[in-house]
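Please look over the structure shown below. A short report on its parts follows.

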Amino acid sequence: MTYLKSRRFIGAAFTAITMLSITRTITSNGDLTSTVTIAQALVFASPIALAGLAGIWAERAGVINIGLEGMMILGTFGAGWAGWQWGVWAGVLAGVIFGAIGGLLLAVAAVTFGVDQIIAGTAINLLALGLTKFLAIVLFTDAPGGGQAQSPPIKGDIPTFTIDSIVEPLTSLHETGIFFISDLAGILAGLFYNLSLLTIITFLLFAMTSYLLWKTAFGLRLRSAGENPWAADSLGVKVVQFKYAAVVFSGMLAGLGGAYLSIASTIYRNGNTAGRGFIGLATMIFGDWRPGGTAAGALMFGYIDTLRLIDTGNQNVKGLILLGAIILFAIGGLMLRKAKRNSAIGFLLLGSVMIGAYFSATSFPPEVAQVAPYITTLLVLATASQNLRPPAADGIPYRKGDNH
Amino acid sequence: MLKGLKLASILAVASLALAACGSSGEEATESVAPPEPTVAAVKVGMAYDQDGKGDGSFNDAAFAGLSKAQTDLGVEIKEVNSGASATDATREELLTLLADGGYNPVIAVGFAYSTALAAVAPKYPDTTFAIVDSVVDSANVGSLVFAAEQGSYLTGVIAATASKSGVIGFIGGMEIDLIKAFEAGYIEGARSVNPDIKIESKYMGAAGDNTAWNVPEKAKTATDGMIANGADVVYAAAGGSGLGMFQSVKAAADGGATVWAIGVDSDQYTVPSLAEYKDIILTSMLKRVDVAVFDVIKGVVDGAPLVGIQNFDLSKEGVGYSASNSAVSEFSGAADAAAEKIKSGEVTVGTTVQ
């Protein structure tokens, strides 16, 4: 099993790098796999990934967490406020605690009182938005360096690591432009360049989640609360306690994601989550309620965001179009082999349109890149929805003793 | 189970929409009595867009004009915010609230108020309204527009003169005509100095994407990219996102590079919340919203309200560049010469990127 899994992972990574490498070679745009791009993509991906991971925890225990955005907002605020008062680590802690309070609120409403989970989550989003705005006015208006809509700067920095002995040789290898090798080098170097301790923590949280939820008795019980809580209860699992623990932890993760954002921009600012809680939810669905796929989804968002922002003369957007076309052709080919003719024709057609666009247009509006992750998520939902499997009792209020 | 998934996705979208309607707070912030009421005190109502003061930029500039009027003219003031996700309906409510409360003039700060003001102004013919950055066609509305392209032309001249690499950058907030005029002027100014100069432009969001003004971390990455590509002067017209440009330029300067940032709207060199970045702020494109706001209030106090289109351009000193950082004096000769040419009509600056 583990052997199969690691083979699948290596296979996926190999395919991804090959596609990137083909695109990079055709466009001769080194930025696509450069050290800086990958390092920055990790920074943009981490908050989204944390929100996605938060979604996994809540929904694996059978509670839909639409309130992720709200919990993330609470996290950004907590980090801005405590970070300004007592330094960056206090900010991280406060972000986690504020997020946990949001999680607790959802747990009380959805688990104890059986309120419709979508409504409860939406309420938390609205509440968090209003509350943080109000508190920002109260706390930051007269603070030096702050304002009605933003906190003063957070004190101190999260340590970041650059391992020169790895980055330097790999970066020079990247610049040689050898097919596959130099792209792999750029990507590897990016992992060790300006790596924030919070990114490492994010990675560890993913590893921990994979292990805890899928390899331990605790995880089995927690997931049973999301698959069939009535059966779990009949076997003596304390379903309500598991749901509480999962939803509060979900809030903590979302809060940490929010703290990450505030710390990355050194201040809290009204609206600086910019919908990343919802994007996290999308990556969770993209990833089939599993950590690996969720992380891949978050990386896709982070990578595309980075490419769009560091773009020179629209070259990266052009590269993305080509990459998209290559991916579509690959999926189309796969579909053909699986004898799904209609889907295959759809993908190949779409791929051809993109190839045509790539070779005929001289410039693309950068908005194309902005919407790319959303379109990809929609494509995944449209084509893979038969294979996506949310927890069976996700979103269904649970009452002990009910018959199902 | 798929039904649940569908429901969840639909409601996720719905909750976004709900959040947009629900959060627009009408946060009355301050109501200060006049120090020495002259005659019958004029009551000024001011409606900010988004979160109002504290942006170290546009809204703070409007407030500066208001507080000057408060001290110099002894007017009574009332300030309200529309909130980050306001709709036209809530903006209308705010303006109606102020007009009903006897505030005259009522000043709407920001283009977002255009639709709301067009609906409210005709209902209160005896109240003078003003709107910053937009044109509303009504007999009792003063439309305060700024020739941002002229001011940006000057910063473009300064940027091109200061740049050693021949590459400069521009960070825009939302990609709308208002901000594109900044970009257009900047590019034209830079090219007037160095026709071969390379200008990299990046917007933080498409039209309608309100997050564009609040994503400093994205502005930082974009600026990092520009600097990595050789840019040594970067100009941002991006509201709260502009902070990211300052952070990026400061980091590059700390790393030993000679790089400059150019601020916008207010004199960002003197803004307290940006004190940390002072050293790298070469100049700021001044959009004298304070002058315009003060003039509107003064007009009402003097009994000669400013209505119709009021174009605050270089000749009216409605736009310009700041010389607070002494480092700019090296380049101000070129900028002042350009300013004279614009004033005399020898140079006309376009508002669309060529």
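In which helix of chain A is Leu281(A) found? Leu281(A) sits in helix 12 (residues 276-286) of chain A.

## Ground rules

This is a predicted model, in which local features need pLDDT of at least 70, side-chain atom pairs count only at pLDDT 80 or more, and totals for chains, interfaces and linings use all residues. Residues are numbered from 1 along each chain as its sequence is written, while chains are lettered from A and ligands numbered from 1 in the order in which they are written.

Helices (H or I, at least four residues) and strands (E, at least two) are DSSP runs, numbered from the N terminus. A residue is buried if 20 or more other C-beta atoms lie within 10 Å of its own, exposed if 12 or fewer, and partly exposed in between, with C-beta atoms placed from the backbone.

## Chain A: helices

Leu281(A) counts as buried because it has 26 C-beta neighbours inside 10 Å. Leu281(A) and Asp31(A) are 250 residues apart in sequence. In space, their C-alpha atoms are 29 Å apart.

Helix 9 (residues 217-227) of chain A also has buried residues. They are Leu222(A), Arg223(A), Ser224(A), Ala225(A) and Gly226(A). The buried residues of helix 9 of chain A pack against helix 2 (35-60), helix 8 (197-215), helix 10 (229-234) and helix 11 (239-264) of chain A.

## Chain A: domains

Domain bounds come from an automatic or database domain assignment. For chain A, the assignment gives domain 1 (33-311) and domain 2 (313-365). Their C-alpha centres lie 31 Å apart.

Four residues of domain 1 of chain A are in contact with five residues of domain 2 of chain A. Contact means that the C-beta atoms of two residues, placed from the backbone, lie within 7 Å. On the domain 1 side of chain A, the touching residues comprise two nonpolar, no polar and two charged residues. Here Ala, Val, Leu, Ile, Met, Phe, Trp, Tyr, Cys and Pro count as nonpolar, Asp, Glu, Lys and Arg as charged, and the others, Gly among them, as polar.

## Chain B: overview and domains

Chain B has 10 helices and 13 strands. Of its 354 residues, 58% are buried. Among contacts in chain B with a separation of 6 or more, 73% come from residues 24 or more positions apart.

The domain assignment of chain B gives domain 1 (24-146 + 291-300 + 305-312) and domain 2 (148-286 + 323-344). The C-alpha centres of these domains of chain B are 28 Å apart. The contact takes 12 residues from domain 1 of chain B and 14 residues from domain 2 of chain B. On the domain 1 side, helix 2 (residues 58-73) of chain B gives the most, with three residues. By class, that side has five nonpolar, four polar and three charged residues.

## Chain B: the sheet

Six strands of chain B form an open sheet in the order 8-7-9-10-11-13, with mixed pairing. Two strands pair if DSSP finds at least two bridges between them. Strand 8 (198-205) and strand 13 (319-321) of chain B are the edge strands, and each pairs on one side only.

Strand 10 (residues 260-265) of chain B runs parallel to strand 11 (residues 281-287) of chain B, joined by five bridges. Val264(B) stands opposite Met285(B) in strand 11 of chain B. Asp265(B) has Leu286(B) as its bridge partner there. Strand 9 (residues 233-237) of chain B pairs with strand 10 of chain B in the parallel sense, over three bridges. Val233(B) stands opposite Trp260(B) in strand 10 of chain B. Six of the six residues of strand 10 of chain B are buried, so this strand is largely enclosed by the rest of the structure.

## Chain B: backbone exceptions

Most residues other than glycine have a negative phi, and most peptide bonds are trans. Asp265(B) is not a glycine, yet its phi is positive, about 70 degrees. Asp265(B) lies in strand 10 of chain B. Asp265(B) is buried, with 28 other C-beta atoms within 10 Å.

Asp133(B) also has a positive phi, near 75 degrees. Asp133(B) lies in the loop between strand 5 (129-132) and strand 6 (141-146) of chain B. Asp133(B) is buried, with 22 other C-beta atoms within 10 Å. The peptide bond from Asn104(B) to Pro105(B) is cis, with omega near 5 degrees. Pro105(B) is in the loop between helix 3 (88-100) and strand 4 (106-109) of chain B.
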